[in-house]
Amino acid sequence: MEQTATLRTFGRYASLNILGMVGISCYILADTFFVARGAGATGLAALNIAIPAFNLLNGLGLMIGVGAATHFTVCRAQGDQQGADRAFTQAVYLGLAVGLVFLLLGVIAAAPLARLLGADAETFPLTRTYLRTLLSFSPFFVMNNVLLAFVRNDGAPGRAMRGMVVGSLSNIVFDYLFIFPLGMGMFGAALATGVSPIISILLLSGHLRGAGRGFHLRRSRFAPRALPGLCAPGLSSLIGELSSGVVLLLFNLILLHLTGNTGVAAYGIVANLALVAIAIYQGLSTGMQPLISHSSGMGDHAALRRLYRYGLTTALTIATALYVLVFFFADPIAASFNSAGDPVLHSYAVSGLRVYFLGFWCAGFNLTTAAFFSASSRAGMGFAISLVRGVAAVPPILLALAALFGVTGVWAAFPTVETVTAILTLVSVCHVFRLDKRA
């Protein structure tokens, strides 16, 4: 691997992965736009209800891919080719197993899953259709995440980025074709999303044919005992995706109680744009990961501190750009997803965007720091940050603010959770860097 702690190398890995992850986030954003145009507020609400299941699937794929690829990078840095190949082989075994479980869940239990996620009589048929179709492609989603992580960590971030972007662009094209000219509705939206990882895998497979690749499938037994250690560096990625799913589920249920499906549809607009913002931070995190893992494997603390500074500066700059964009363009953004011109939906979405996106300064700090810890042999600390912001702090803060301030309190829950987490994260960062200086 090239010099890992230079600004040029950091910029290359981070920018390519940010572009790629933004492309991946367009899976859902394209669905949101075309479903809103083709199926109105009911379709938009149904899509938003179904997304937490995709968050869980995508999170498990990221956990396996990022976790195993981190082990692969450390093994390569230490000259352990056998360990590097073993990490890839076990990741493939586990990825296929997880994908098959979700495939069966979609085929057998799409209806009860739709009800569990909050679908009511109006949204149930569309939610069930979307879940059943999307989860049928589960093995491809998981294996795409595994291959992306290994190709990126094997010194080919450009190919990984192209795989993500091409897959996502195909999703947008198929969304339009399936929903409008072919009139396939929600089934077409899910089918378009399911095809996209297949196209990405086909593009990534070119790396597997290269003679210089650093990972190979080896004959070995599936080793369940090795999986916790293998996946540990990817736990923060899983919790990050789970947090999106948990937030979506809780927000959907509370908004359904406060405002009905109109509020859920408005949150669909806010949440799917927020997914793009989270994807930018995921791209930054996954771009940093191979550089941090390599420096950690070499024991280079100065390089680690430098990479962290680069990451944090980038994260805060991104947050500023995002908020300026959303604040000034909230009206046209909301209108583009409101095909029926519903004034209540528009009002909820505009206020939601402007309040919700206040949280991304602290979210950028939290996500970047969690990724840094996870990639530098401090997976427990990265997991703890992700757990607080994604699971532990959300229910009490959301319920309290919703009870006190209604819909405005729901929008304010995200920035409040991220602020509370940022305080704890700052304490952890000061503690770790103080220990590193003493070492």
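User: How are the words buried, exposed and partly exposed assigned here?

Analyst: Buried means under 20% relative accessible area, exposed means over 50%, and partly exposed covers what lies in between (1.4 Å probe, protein chains only). The model is predicted: local features need pLDDT of at least 70, side-chain atom pairs count only at pLDDT 80 or more, and totals for chains, interfaces and linings use all residues. Residues are numbered from 1 along each chain as its sequence is written, and side-chain values use heavy atoms, with hydrogens and water left out.

User: Why is Gly341 called partly exposed?

Analyst: Its relative accessibility is 49%, a value between the limits of 20% and 50%, so the term partly exposed applies. Gly341 belongs to the loop between α10 (301-336) and α11 (343-356); helices are DSSP runs of H or I with at least four residues, strands are runs of E with at least two, and both are numbered from the N terminus.

User: What makes the pair Asp85 and Arg218 a salt bridge?

Analyst: The term requires a side-chain nitrogen of Lys or Arg within 4 Å of a carboxyl oxygen of Asp or Glu. Between Asp85 and Arg218 the N to O distance is 3.0 Å, so the pair qualifies. This pair links distant parts of the chain, 133 residues apart: Asp85 is in helix α2 (residues 81-116) and Arg218 in the loop between α6 (185-208) and α7 (227-231). Asp85 is buried at 2%, whereas Arg218 is partly exposed at 45%.

User: How do you know that Arg354 forms a salt bridge with Asp331?

Analyst: The N to O distance of 3.9 Å is within the 4 Å limit, so the contact counts. Arg354 lies in helix α11 and Asp331 in helix α10, 23 residues apart. Arg354 is partly exposed at 27% relative accessibility, and Asp331 is partly exposed at 36%.

User: What makes the contact between Asn366 and Glu418 a polar contact?

Analyst: A polar contact is a pair of N or O atoms within 3.5 Å; within protein, one must be able to donate a hydrogen and the other to accept it, and residues adjacent in sequence count only if both atoms are side-chain atoms. The side chains of Asn366 and Glu418 are joined at 2.8 Å, so the distance is within the limit. Asn366, in helix α12 (residues 360-375), is buried at 0% relative accessibility.
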